[in-house]
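Please read it with the model open.

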Amino acid sequence: MALALVVGCGAGLGAIAFRWLIQTFTRLLSGHADYSAAGHAAHPWLPWLGPWFVVLAPVAGGLLYGPLVQRFAKEARGHGVPEVMYAVAHRGGRIAPQVAVVKALASALCMGSGGSVGREGPIVQIGSALGSTVGGVLRVPEDRRRLLVACGAAGGIAATFNAPLAGVFFAMELILRDFAVESFGAIVLSSVTASVIGRAVLGDEAFLTLPAFHVAHPAQYLLFALLGVVAGVVGVAFTRVLYLIEDACDWAWRGPEWLRPAVGGLLLGGLLLALPQMYGVGYPVLENAIEGRYAIGLLLLLLVGKIVATSLTIGIGGSGGVFAPSLFLGAMTGTAFGVTAHHLLPGTAGPVGAYGLVGMGAAFAGAARAPITAVIVLFELTGQYTIILPMMLAIVLATLTSRLLSRDTIYTLKLRRRGIDLDSARLRSPLAGASVRDVMEELPAALSGGLPLEDATDVIARSGHGVLPVTGRDGRYAGVVTARAVAEALTEPDPALDAHATPRVVADLAERPPAVTAGAPLSGALHTLVTADGAGLPVLDAESGEPVGWLTHQTVLSVLHAPAAPAGNA
């Protein structure tokens, strides 16, 4: 709980800094607080360019964040949430510390220069990297480190959107993919802490300012249900187009990756020149749509434009989230649906804006398939409780529609395309709960550090291991020596030694591999085993540092094989 409090404080401060970076880069590169609401206005510092500066803004931003991401944190590219989900499910919650800084700068530059993406993906990755770093520094167990990652994600969402409940359910439904009671308290504490810090600096107001809506006629529930199905289809279409355009960009680009965002920025800039409403996140455009200021033709144009703009931003190597774009798509879909319903059923349909609001949650549910998060997020972002029932109805139907049309969500599809199935990771693994002590073998006879290399070859060959422990003159553990190292030393003698020099001994080749202790979780030791030279590792006592056993690939495979089901049930 204390660490959750610390992570919540860090996530809150990180969200404030991230918001400031976005505002700073947006003003610097566009000359406006939010260019999506400025029409085809010129940059106040470059009036001679007129509206054409938007063609150059994404190029300038790409030249800055492209090399930054390529050099320091490649995982900062894209929308961020799938990388966090993968780290929690498969890497024990390990996220590189530099990801927080690189993601904040890259995403702020991308959005400030016109990238049509949102803030939720970056802030989730920033907060999660902070939680992982805290857990890594304090060497907490894997399950606690995963929890701290979720705490960071919840705190980031809570602070940046002023939505503490949304942060909690986003972390549990999408990041942990579990609603365990043990996790709930820590995540709530982190989310509340971050939200308090965010409100102290950013204010305590609903994220979107919208007029109050209510359901005046029971028949409207049928219309909201139909809207849920339509928005679910839009969410799935958004997912498909996103990865289709990303594949097209991968196929077309043949240059260095660091240059890709700048070159691709020319295409994005051309789109922004035609539709400046696509610049950045676009919340003012979303509000205008729900308030009924756009005709149905423009709503549909903005819908298609946002899908293309967001997909192109991600495809060229941009950095940003897909949560805000999915809300944007839902608002355009819902408002267009409401306008149509109002024309067909003028006395029954009710206010158009209510459909836009419900469409926001339904489109997000269709893309992310997270119905609980969608309901809570929309309620907190807008403060609209009066239409909670039609919102729940539409979101559930959008989720079911999405499930019928697609196996994956907008987040999990990115991982499945890499061969990663998060659902399989949720099945209980044979390694779950096992420690290294449970499977380690008996320690093989150690080599004396003073043994000549020629004599060591026979011992290693008879041992059946490709690597053996080495003891020093005092009899204490000095490291390991591999068969490869001995073979290379004998076939390619050290040129620094002449023919009369003392023959080389095992101690000259001894190396200390990464430490694996007997009490460590077996799942956490696998990464060390796979990346180590040779076919095994010594298992050390946590207190004395002396080897007490031996861990090999065969021992791990035997654990995996032992509980296997019969072939007929496989």
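1. Start with a definition. A charge sits over a ring if NZ of Lys or CZ of Arg is within 6 Å of the ring centre and within 35 degrees of the ring normal. Lys306 meets this rule: its charged end is over the ring of Phe328, 4.8 Å from the centre. Arg71 is another case. It lies over the face of Phe72, at 5.0 Å from the ring centre. Keep in mind that this is a predicted model.

2. Now ring against ring. A pair of aromatic rings is described by the distance of the centres and the angle of the planes. How many aromatic pairs does the count come to? The count is six. One of them joins Phe224 and Tyr355: the centres are 4.6 Å apart and the planes stand at 20°. Planes under 30 degrees apart count as stacked, so this pair is stacked.

3. Which helices hold these two residues? Phe224 belongs to helix α9 (residues 220-252), and Tyr355 to helix α14 (residues 352-368). The two parts are 131 residues apart in sequence, so the pair ties together separate stretches of the chain.

4. Phe224 has 1% relative accessibility, so it counts as buried. Tyr355 is at 0% and is buried as well.

5. Tyr355 also pairs with Phe337. Here the ring centres are 5.9 Å apart and the planes are at 45°, so the pair is tilted. This pair too links distant parts of the chain. Phe337 is in helix α13 (residues 323-344), Tyr355 is in helix α14, and they are 18 residues apart. Phe337 has a relative accessible area of 15%, so it is buried.

6. Elsewhere, one aromatic cluster is made up of Tyr35, Phe53 and Tyr279.

7. Last, the strands. Strand β4 (residues 536-540) runs antiparallel to β5, and five bridges join them. Leu537 stands opposite Leu551 in β5. The hairpin of β4 and β5 has six residues between the strands. In that hairpin, Gly545 takes a positive phi near 75°.

Terms used: Residues numbered from 1 in each chain as written. Predicted model: local features only at pLDDT ≥ 70, side-chain atom pairs only at ≥ 80, totals over all residues. Heavy atoms only, no water. Phe/Tyr/Trp six-rings, centres within 6.5 Å; stacked < 30°, edge-to-face > 60°. Helix = DSSP H or I, 4+ residues; strand = E, 2+ residues; numbered from the N terminus. Buried < 20%, exposed > 50% of the residue type's maximum accessible area, 1.4 Å probe, protein only. Pairing = 2+ DSSP bridges.
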